[in-house]
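Please keep the sequence and the structure open while reading.

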Amino acid sequence: MKRRVLQPTSVLICLAGITVAILVVYPLSSLMLKAFMPAGRLSLDSFREIFSARENYVAFYRSMFVSSVATVTSTVLGAFLAWVVCRTDVPGRRFFKTALAVPLLIPPFISAMAWLQLVGPAGYVNSIYMAVRNTWDPLFVIYGPWAIILVMTVSGYPLAYLVVRGGLERMNPEMEEAAQISGASVFKVMRDVTLPMMAPTIGSAALLVFGSKLENFGVPAVMGMPKNYFVMTTKIYKLIHQSFVIPNALSLAAAMSILLTVAASVVLLVTRRYLGRRQYTVISGKNVQPNIVRLGRSRRPVAAFCWLIVITTVVLPLAAIVLTSLTKAYGLPPVPQNWSLRNFRYVLFELSTARRGLRNSLMLAVVSPTVALILGSLIAYGSVKTKSRLGQALDVIANMPYSVPGTVFALGMILAWNKTVFGSLSIYNTFWILGVAYVARYLAYGVRNVGASLEQLDASLEEAARISGASWKWSFRDIVIPLVKPGLVAGWFLVFLPSLRELTISALLWSPGNETLGVAVYNLHEGGNITASSALAVVMVAAVFTANWVVKRLTKGQVGY
Amino acid sequence: MLSATVVMLMLLCGVGASAASNVTLYTSVPQPIVDAIIIAFEAANPGLKLQAYRASTSNVLAKLMAEHEGGRVTADVIWVADAAVYENLKDQGILQRYESTHAKLIPAVYKDADLYYYHARLTNVVIGYNTRFIKGDLIPTSWHDLANPKFRNKIGLSTPERSGAFLVAASALVNHPEFGWSFFEKTHANGAVYDSNNGVLQKVATGELLLGVVLDFQVREMKEQGSPVDYVWPKEGAVLAPSPVAILAKGPNQAGARTLVDFLLSKEGQSKLAELSVIPVRADVPAPQGVSSLQDAVHMKVDWAWTAANQATLIQRFNALTQ
């Protein structure tokens, strides 16, 4: 008689399923309920109300406008720089290769703060002009949409650059060589061969950039809100904080969240459809030394352009923020006699929120990748190896929190947990709502990274171990784990860095005693304490740079910038 | 494995510190004052830990209402700048009546007749200006100066949504025969920039803005640190915006809440606030330096009942106007 034995794998997958239900399904369905059943029964009233106010169309249009323009500028700039670094003999190639990715490490909202200090109405540039001309009229005023686009480009081009650079490095250069041998000019090769072949890669880079811009909260919060320039993410944030004035604010915010998610998905699907039709087999797998384009007389101008980008996107913003952090009182000229370390003393030793923020962010940066990777591995294993329907469903669900904008997921978390569940259990207003939200948000990294490694792992290996008498546990430990370890390590660090600098989710889920570093910087800035917020921003950037350096060392350059 | 990790991590992080020793304050009082109060309160009450959630008045209220509806109030004490809202909260049964040990020393105008809340600090909404650019004849004298085209694009305002004190000021201005809603239409047309009270002040300090609606004590603080700012008392009167403190009926630590309210109203607590340039509510605590006696100062009339009843409309109308 055959006895049915409960497979340890299925037990684990079931456990993973329950966890995913709590982490992902519960908050997202709470959001849907709030939007479609505002008063306990099915109704579209919230949507009707959203569609009846002109300001909502304006916010929607603005979201689309700034994200689209910033996507075009970021992608053009990023793709061009990737080509320069990969395909030309520009002097200082090796340096630029790394330096051009550095802005990715500076959190976008800190970049926004720095740019305000640099070119804002009373930024360093305008201050010098006003002092020289003895006037109170600034040389230029940059605020609102164009300021948002500027900062989004500065913080967005490295993403496009990295994706396109990766594509170029793997692209088979034979076609380019053939064109060049046939006598085509540098420009012609680039226009007629490289660009069309790279189009799908550039397209997917643009998609990635667009998604990250559409869901960005920090930049429009810093540069748009003071001018009452609201985009969808800041509008939702504002609505959530209006529940005292507008009784159904949370339902409206939920409805708006669904509209934002739908908009993001439509753009994604349409572009993917379009890109899907133009796939070229350009990736040959082997890493070939590509043909280097000799820039000739353009060498110096191109190098100068690369320098300009590095200086304007890394050196100047960091210099501005450091200079402000050293200034004794805001409004004083940043000259040595006004310098002091007072702001650093304040944020590091006196301001308890900053200290707690630092501690909490470090803790979250360790806890969330660990749990996300463990859970992600189980789901990936269930989906790839056991091919069970539950496993595959979990794979899809686990990717959801990362596919929806962060503001939307955070609202789901609020709606799910601001009431008590199972008696008196609730993680609302605790450190754990942040932890749970981070894990859910970054679960996709765990699933994708481990899944990719698992797909390359042939089932025969595990079967061989099992046939030789190894138990499931042993075959898992000795065969599966060592083979997926590189994916695990890479995935862990890929979650570690964004957790350290997170703001979008934390801005909505923090509570007294449970601040994050990003929240502490943002609150200081929002409350108007610019010198202290700059000092804490310097601390935050230093922490991220150090972490990146350590990560790069530990992974031998595989992860990190 | 998973749950084991979670449990281990929870232990590591020391979740569940005993709640009885924690007092939680929800407030809109600026961070430096909150920091100073935490230090002074914990020194005066060993064994008690004060935790503060500091955000704008509307953010604090939104959080409080969400918790109240969800049945889990985390805050013990609320201290925001919008005095009108306390009547609403009192009517809804959210506040707890408490006869403070200092109640008798607080003048009747600075406390609720039924003792549900006490004004714990007084602020004046005034016009601040940049002293580097604004000198002599340019120094403003009236609220009307904010609509003067000379200062186009260089004026700053808060919004009733961001600031409770500004809400009170807006209420006073729109109900004043000389101003009304057209005043805010004019300032908006004059290129007003909107920020928190302190954000406006910081912008005035850098010269990004020249004039702004600000809180007097914040100007005094910044001026003392060396920033090029000062303020004027508008001839139509400044707006007195008290910020009351109250105990929440469903707060988890009632005893701690009472200790905190007593501390804030005590001579010690009020002196601490006066050190930070805030005007005290007790007659036996001297006002901060440079502050003229409140009795002589002209204040605009505030209709508290109207403000309490029309709060939401006021915010929405202001938002629509400045969109």
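This is a predicted model: local features need pLDDT of at least 70, side-chain atom pairs count only at pLDDT 80 or more; totals for chains, interfaces and linings use all residues.

1. A residue in a loop. Leu44(A) is partly exposed, with a relative accessible area of 45%; here buried means under 20% relative accessible area, exposed means over 50%, and partly exposed lies in between, with a 1.4 Å probe and protein chains only. Leu44(A) sits in the loop between helix H1 (8-36) and helix H2 (45-51) of chain A, where helices (H or I, at least four residues) and strands (E, at least two) are DSSP runs numbered from the N terminus. Although Leu44(A) and Ala255(A) are 211 residues apart along the chain, their C-alpha atoms are separated by 9.0 Å.

2. Residues are numbered from 1 along each chain as its sequence is written, chains are lettered from A and ligands numbered from 1 in the order in which they are written, and side-chain values use heavy atoms, with hydrogens and water left out.

3. The interface as a whole. The size of an interface is often given as the accessible area lost when the parts come together. Between chain A and chain B the buried area is about 5000 Å², and carbon and sulfur atoms give 59% of that area; buried area is the accessible area (1.4 Å probe) that two parts lose on being put together, summed over both. In chain A, the residues that lose the most area to chain B are Trp136(A), Phe244(A) and Trp432(A), which together make up 16% of what that side buries. The contact (heavy atoms within 4.5 Å) takes 54 residues from chain A and 65 residues from chain B.

4. The rule finds one salt bridge across the interface of chain A and chain B, a salt bridge being a side-chain nitrogen of Lys or Arg within 4 Å of a carboxyl oxygen of Asp or Glu. The side chains of Lys238(A) and Glu161(B) meet in a salt bridge, at 3.9 Å from N to O. Seven residue pairs between chain A and chain B are in polar contact, both residues being at pLDDT 80 or more; a polar contact is a pair of N or O atoms within 3.5 Å, where within protein one must be able to donate a hydrogen and the other to accept it, and residues adjacent in sequence count only if both atoms are side-chain atoms.

5. Helix H3 (54-87), helix H11 (232-240), helix H14 (342-350) and helix H15 (352-385) of chain A each supply at least two residues of the side that touches chain B. H15(A) gives the most to this side, with six residues.

6. A buried lysine. Where does Lys154(B) lie in chain B? Lys154(B) is placed in the loop between strand S5 (117-130) and strand S6 (155-157) of chain B, and Lys154(B) counts as buried because its relative accessible area is 4%. Leaving out residues up to four places away in sequence, Lys154(B) touches residues of both chains, among them Trp136(A), Pro138(A), Gly207(B) and Glu208(B).

7. A buried serine. Ser243(B) belongs to strand S10 (residues 239-248) of chain B and is buried, with a relative accessible area of 0%. The side chains of Ser243(B) and Arg121(B) are joined by a polar contact of 2.8 Å.

8. Salt bridges within the chains. Over all chains the count comes to 19 salt bridges. One of these pairs is Lys203(B) with Asp195(B), at 2.6 Å from N to O; Lys203(B) is buried at 9%, and Asp195(B) is buried at 12%. Glu350(A) and Arg345(A) also meet in a salt bridge, at 3.3 Å, but here Glu350(A) is partly exposed at 40% and Arg345(A) is partly exposed at 47%.

9. The 14 residues of helix H2 (residues 31-44) of chain B should span 20 Å at 1.5 Å a residue, and its end C-alpha atoms are 20 Å apart, which agrees; the expected span is 1.5 Å times one less than the number of residues. The buried residues of H2(B) include Ile33(B), Val34(B), Ile37(B) and Phe41(B).
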